[in-house]
Amino acid sequence: MIQGLRTIIVGGAIACGLSAAFGATSEAQAPVKWAGDFGPPQGAPIHAVLTSPPNVPPPTHRTVPAKVIVELEVVEKNMPISEGVSYTFWTFGGTVPGSFIRVRQGDTVEFHLKNNPNNKMPHNIDLHGVTGPGGGAASSFTAPGHESQFTFKALNEGIYVYHCATAPVGMHVANGMYGLILVEPPEGLSKVDHEYYVMQGDFYTTGKYREKGLQPFDMEKAIDERPTYVLFNGAEGSLTGDKAITAKTNETVRLFIGNGGPNLVSSFHVIGAIFDKVRFEGGTNTQSNVQTTLIPAGGAAAVEFSTKVPGSYVLVDHSIFRAFNKGALAILKVSGPEDKTIYSGKELDSVYLGDRSQPNLQAVTTAAHAAATGTLTLQDQVQAGQALFAGTCSVCHQANGAGLAGVFPPLAKSDYLGADPKRAIGVVLHGLTGKVSVNGGDYNSVMPPMNQLNDDEVANILTYVLNSWGNPGGRILTDDVKKVRAAKPAAPAAAH
Ligand SMILES: [Cu+2]
């Protein structure tokens, strides 16, 4: 009875949600606890239509909750990021942003995350539309050549970001691991002539803006929040020229605009258009007559406007250097007859084209304090190193150092480590690729450089490793790390 009351109060915010909830309750004979839960899925399971940007799947046109199966594959691949410049993107479904997913509020979503066997990294997915730990991240951690499955009920309607949340999280996001999932309200969204999918992201390469060739990821720039590129849909020119999105005059356009970040907040603006309606922050409320809408990193909005005058409308991040000097520029081309009463002519086209997780922090604090007082004992180092290991290395080598057969070599009793403990410093700073043999097992994979760690941190992590899980003991000092770092400049944090 009390729970029923709760449904009424919570559901009262959305009239349609309320009536649908009631309908489902009486049919299914099961009490429904939360607004947005319209009872068990009905009918045969449906395979979700996934689309690549800038396309959006069609409306579900459903009036009852269904079981929806989503199959998403993570693919690591080289793609152009600008003219003559390529980058190793990590993608959900082969594109940046990842495939667009569309479900209806109340749907039960069975999610399959596949990690392509040619990939080098483990990945997972955190969907902001999920109610549950990590938004699914906890249940979807997937090694290369594996598949994970978890199920959630889409309780809240809205337009939600999803992203990879595997450590180092910032690096996975910076490499393009984000996308959007739309949870339609039960009555669907209002009909429009065009829906498009555009997502902003900031990118960090060791070379300068438009420096040619395959450009590696630059962890230092990422930490300093100094992007080389700020882009819509993962590449300069992804939505200009022949690839511009299009509409005719006197049509309605809805843009689902996401911001994957990892760092920047977008001041999203369409030059020459006023948004009639904005679902700001992706939520239920709308705002009218908006010029520029803020889209936080890890957030999204749906903007709507009508095309009254033909011409090229330029989508920008109005933090304007990003548009003209870092690539944050896309075009909506509107064709059709002029309406001189609204606009006289003369287009503007040519003018404008021109993780640290808590344990880590604690560890750093402990170590910094210890260093400041000159009391960094072996025990201090091991303790600081343990927390850092948990936040940095355990995602691959596992918390108990056992690794993952055939994918990540063990650090526990590692004969590779035992043969020469100090070479582990180079492994952490510069990464490791190519064939290695550890305890009789062969590995031929990639460990990305961890050169975001400072000398203290590397020393402490390795001291912890050497003193754990039956390893021989020993100590790595900050000075040892300093020497290795100086001897060979840290390779860019590339992961290919
Ligand atoms: Cu990932």
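Modeller: When I say donors, I mean N, O and S atoms within 2.8 Å of the metal (3.2 Å for Na, K and Ca), and water is not among the atoms, so sites may look incomplete. Also, this is a predicted model: local features need pLDDT of at least 70, side-chain atom pairs count only at pLDDT 80 or more, and totals for chains, interfaces and linings use all residues. Residues are numbered from 1 along each chain as its sequence is written, and side-chain values use heavy atoms, with hydrogens and water left out.

Colleague: OK, which protein donors does the copper ion have?

Modeller: They are H123 (ND1), C164 (SG), H172 (ND1) and M177 (SD), lying 2.0 to 2.5 Å from the copper ion. Along the chain their spacing reads H-x40-C-x7-H-x4-M.

Colleague: Where do H123 and M177 lie?

Modeller: Both are in loops: H123 between strand 5 (108-115) and strand 6 (126-127), M177 between helix 3 (169-174) and strand 9 (178-184), so the pair ties together parts that are 54 residues apart in sequence. Helices (H or I, at least four residues) and strands (E, at least two) are DSSP runs, numbered from the N terminus.

Colleague: Is H123 buried or exposed?

Modeller: H123 counts as buried, at 0% relative accessibility. M177 also has 0% and counts as buried. Buried means under 20% relative accessible area, exposed over 50%, partly exposed in between (1.4 Å probe, protein chains only).

Colleague: And what is the site of the copper ion like, going by the angles among its donor atoms?

Modeller: Irregular, with angles of 88 to 137° among the four donor atoms. Four donors count as tetrahedral if all angles lie between 85 and 135 degrees; four count as square planar and six as octahedral if opposite donors are over 155 degrees apart and all others between 65 and 115; anything else is irregular.

Colleague: How many bridges join strand 8 to strand 9?

Modeller: Six, and strand 8 (residues 158-163) runs antiparallel to strand 9.

Colleague: What about strand 14, how many of its residues are buried?

Modeller: Ten of the eleven residues in strand 14 (residues 251-261) are buried, so that strand is mostly covered. It pairs with strand 10 (residues 194-203) in the parallel sense over eight bridges, with Y197 standing opposite F256. Strand 14 is also joined antiparallel to strand 19 (residues 299-307) by nine bridges, and R254 stands opposite E304 there.

Colleague: Which peptide bond is cis by P262?

Modeller: The one from G261 to P262, with omega near 15°. P262 is in the loop between strand 14 and strand 15 (266-271). There's a cis bond from A167 to P168 too, with omega near -10°, and P168 is in the loop between strand 8 and helix 3.

Colleague: Now the largest cavity. How much space lies in it?

Modeller: About 580 Å³. On a 1 Å grid over the protein atoms alone, a cavity is a set of points where a 1.4 Å probe fits but cannot get out, and lining residues have an atom within 4 Å of a point. Grid points are joined across faces, edges and corners, and a volume is the space filled by probe spheres set on the points.

Colleague: Which residues lie nearest its centre?

Modeller: H397, P409, L411, V427 and M447, out of 36 lining residues. Strand 22 (432-438) is one of the elements giving two or more residues to that lining, and its five are the largest share. By class, the lining has 29 nonpolar, seven polar and no charged residues. Ala, Val, Leu, Ile, Met, Phe, Trp, Tyr, Cys and Pro count as nonpolar, Asp, Glu, Lys and Arg as charged, and the others, Gly among them, as polar.

Colleague: What do strand 22 and strand 23 form?

Modeller: A hairpin with two residues between the strands; N439 in the turn has a positive phi of about 50°. The two strands pair antiparallel over seven bridges, and K435 has N444 in strand 23 as its bridge partner. N439 is partly exposed, with a relative accessible area of 39%.

Note on methods:
On a 1 Å grid over the protein atoms alone, a cavity is a set of points where a 1.4 Å probe fits but cannot get out, and a pocket is an open set with protein on both sides within 12 Å along at least five of seven lines; lining residues have an atom within 4 Å of a point. Two strands pair if DSSP finds at least two bridges between them.
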